Amino acid sequence: MIGGGPSGTTTARLLAMWGHRVTLVTRPSSPSAPVLAESLTPSCGKIFDLLGIRAQVDAAAFVHGRGNTVWWGDEAMRVEPFADGAHGWQVMVPALEALMIDAACEAGVTVIRQRVTDEEAAAMPAAFRIDASGRAGVLARTRAGRVSERGHRTVALSAQWSRASWPLPDWTHTLVESYEDGWAWSVPLDTERRAVAVMVDPRTTQLTRGVHAEAVYRAEINKTRQLSSLLAGADLLAPPNGWDASMYSSTHYCGDDWLVTGDAASFVDPLSSSGVKKALTSGWLAAVVVHTQLTRPAMGETARAFYAAREAEMYAGLLALTRRYLSGSGQSHPFWADRAGVDTAEADAEPSPDAHRQAWDRLRLAPDLHLEASPAVAVASRAAVAAREIVLEPRLVTTASDPGVRYLFDVDVVALLRLAAQHRQVSELFEAYAASTGPVDLAAFLRALTSLVARGWLVWRA
Ligand SMILES: Cc1cc2nc3c(=O)[nH]c(=O)nc-3n(C[C@H](O)[C@H](O)[C@H](O)COP(=O)(O)OP(=O)(O)OC[C@H]3O[C@@H](n4cnc5c(N)ncnc54)[C@H](O)[C@@H]3O)c2cc1C
């Protein structure tokens with residue numbers, strides 16, 4: 001494993017917990033290196049739970065962010081708390097990294113503090129090599145075919161400010177403000193200090209013309225209305241540092257005995273506020289794929305193909321979301337997708353509320369069910385995650401390349417589709433489903449059934 005960031009430490013800890021011998025090689029930390037502050041969304045908590053480190057993350061000196069306060073375009077200020085009172089984490093990247101490296105060590109991972117080159121990494125003995133070295137892309141740059149995203153070249157300039165108190169609806173919130181040709185955001189470090197960053201296109205600012213970064217930074221801050229007025233009463237603690245935040249993806253996410261994960265695989269615009277969540281999720285899936293390959297080599301190729309498809313899909317989804325928002329089409333802000341608990345890929349696949357309502361009304365009012373599977377849907381064997389392995393399982397598919405669906409609202413739709421043709425009453429169908437697959441929540445069952453009808457996968461017999 002190369003890289004001790006969120007993705008590498010996630011994969012390393014999981015593989016060690018599952019009985020594998022893992023060596024993690026990561027750059028030594030440097031106290032003089034610039035420190036980036038980031039907002040982690042509440043959904044990162046799912047992976048912290050899986051890793052068994054939520055208590056440590058909660059106990060660390062990270063502000064618990066309660067949501068976002070946003071000024072976007074001409075819209076009025078939006079104060080958006082996270083759903084259900086959940087909290088995210090406002091982290092200093094080195095502190096999060098140190099915590100996660102400790103957790104990997106605790107699980108038995110051997111950690112070597114060394115900056116490695118591609119050749120050095122390739123020469124280290126390993127049955128499988130994972131590149132989690134972020135933008136550096138130690139193996140990714142020569143193996144994965146990194147592709148820069150046109151039109152998404154961005155530099156982030158970030159600096160820390162201090163003020164005795166910040167006049168905000170909620171000081172723990174991440175602040176986001178758009179301005180004529182860019183956007184800025186701010187992450188609290190404690191009650192007095194905030195990191196404030198601006199995103200600039202290096203081609204259109206004076207950055208490439210040798211103008212000092214602080215002058216560019218101040219000029220950008222002056223374009224904002226809300227943040228500039230907040231900062232008028234604050235002290236700049238040190239000049240800004242710059243980070244490349246340009247987007248890229250890979251043409252190959254894995255080979256026979258290597259894969260790239262997290263930012264080594266692809267980088268999404270910080271506007272999505274999803275980088276760490278993506279890195280954690282990608283790190284988890286990498287562990288599942290490598291575990292499958294090492295324990296059941298016959299499934300290795302299927303597992304790697306599944307990983308590559310998932311990585312490409314995740315990047316495409318986040319790219320589309322970022323573009324929609326930056327184009328100002330009025331789509332909901334990606335910062336809020338997490339707050340609302342919406343998984344964008346799944347939300348897009350669900351039929352419209354109108355289609356749901358019509359399907360539900362028909363199901364509710366029909367004296368008898370006369371349902372059958374539509375010829376547009378078939379049951380086919382597809383790769384899927386089952387606990388810590390990639391397995392082949394039956395799924396509902398609509399095309400040859402469709403990865404398919406097995407569960408909707410935790411209901412096995414392959415079983416439901418089969419049983420629906422055999423029963424005339426919803427109550428009978430419910431009982432038959434429970435008898436064949438185990439207890440099921442009635443509301444979830446009805447939602448899944450309605451969804452199958454709304455999608456046109458279950459149709460009414462003539
Ligand atoms: C300006 C900016 C703002 C961001 N804001 C947010 C945010 O608010 N919220 C969010 O969720 N995400 C944010 N992100 C994205 C987030 O930082 C990344 O997506 C996330 O850190 C990726 O994790 P990773 O483990 O894949 O890579 P990294 O975190 O980059 O970790 C890479 C690791 O590899 C090590 N390494 C690198 N080169 C070598 C080498 N040659 N040898 C050995 N080790 C090496 C590094 O030391 C490090 O430990 C932001 C990114 C930027 C640039």
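You're looking at a predicted model, where local features need pLDDT of at least 70 and side-chain atom pairs count only at pLDDT 80 or more, while totals for chains, interfaces and linings use all residues. Residues are numbered from 1 along each chain as its sequence is written.

Along its principal axes, the C-alpha trace spans about 75 × 55 × 40 Å. The chain has 16 helices and 24 strands; these are DSSP runs numbered from the N terminus, with helices being H or I of at least four residues and strands E of at least two.

The chain splits into domain 1 (1-63 + 87-148 + 247-342), domain 2 (153-245) and domain 3 (350-460), with bounds from an automatic or database domain assignment. The C-alpha centres of domains 2 and 3 sit 49 Å apart.

Now for the ligand. Of the 35 residues around it, Gly3, Gly5, Gly134, Gly262 and Gly275 come nearest (a residue is near if its C-beta atom, placed from the backbone, lies within 6 Å). Domain 1 and domain 2 each give at least three residues to this shell. At least two residues each come from α1 (6-17), β1 (23-26), β2 (37-40) and α9 (275-295), and α9 has the largest share, with four. By class, the shell has 16 nonpolar, 13 polar and six charged residues. Here Ala, Val, Leu, Ile, Met, Phe, Trp, Tyr, Cys and Pro count as nonpolar, Asp, Glu, Lys and Arg as charged, and the others, Gly among them, as polar.

Next, two helix pairs. Axes are lines fitted to C-alpha atoms, for helices over the stretch in contact, and angles run from 0 to 180 degrees between N-to-C directions.

| Helix pair | Axis distance | Angle |
|---|---|---|
| α13 (353-365) and α16 (442-454) | within 8 Å | roughly 110° |
| α9 and α10 (300-326) | 8 Å | about 170° |

So α13 and α16 are roughly perpendicular, whereas α9 and α10 are roughly antiparallel (under 35 degrees is roughly parallel, over 145 roughly antiparallel, 65 to 115 roughly perpendicular and the rest oblique).

Who touches whom? In α13, Ala355, His356, Ala359, Trp360 and Leu363 meet Leu449, Thr450, Val453 and Ala454 of α16; contact means C-beta atoms, placed from the backbone, within 7 Å. That contact has seven nonpolar, two polar and no charged residues. The contact of α9 with α10 divides into seven nonpolar, four polar and four charged residues.

Key:
Two residues are in contact if their C-beta atoms, placed from the backbone, lie within 7 Å.
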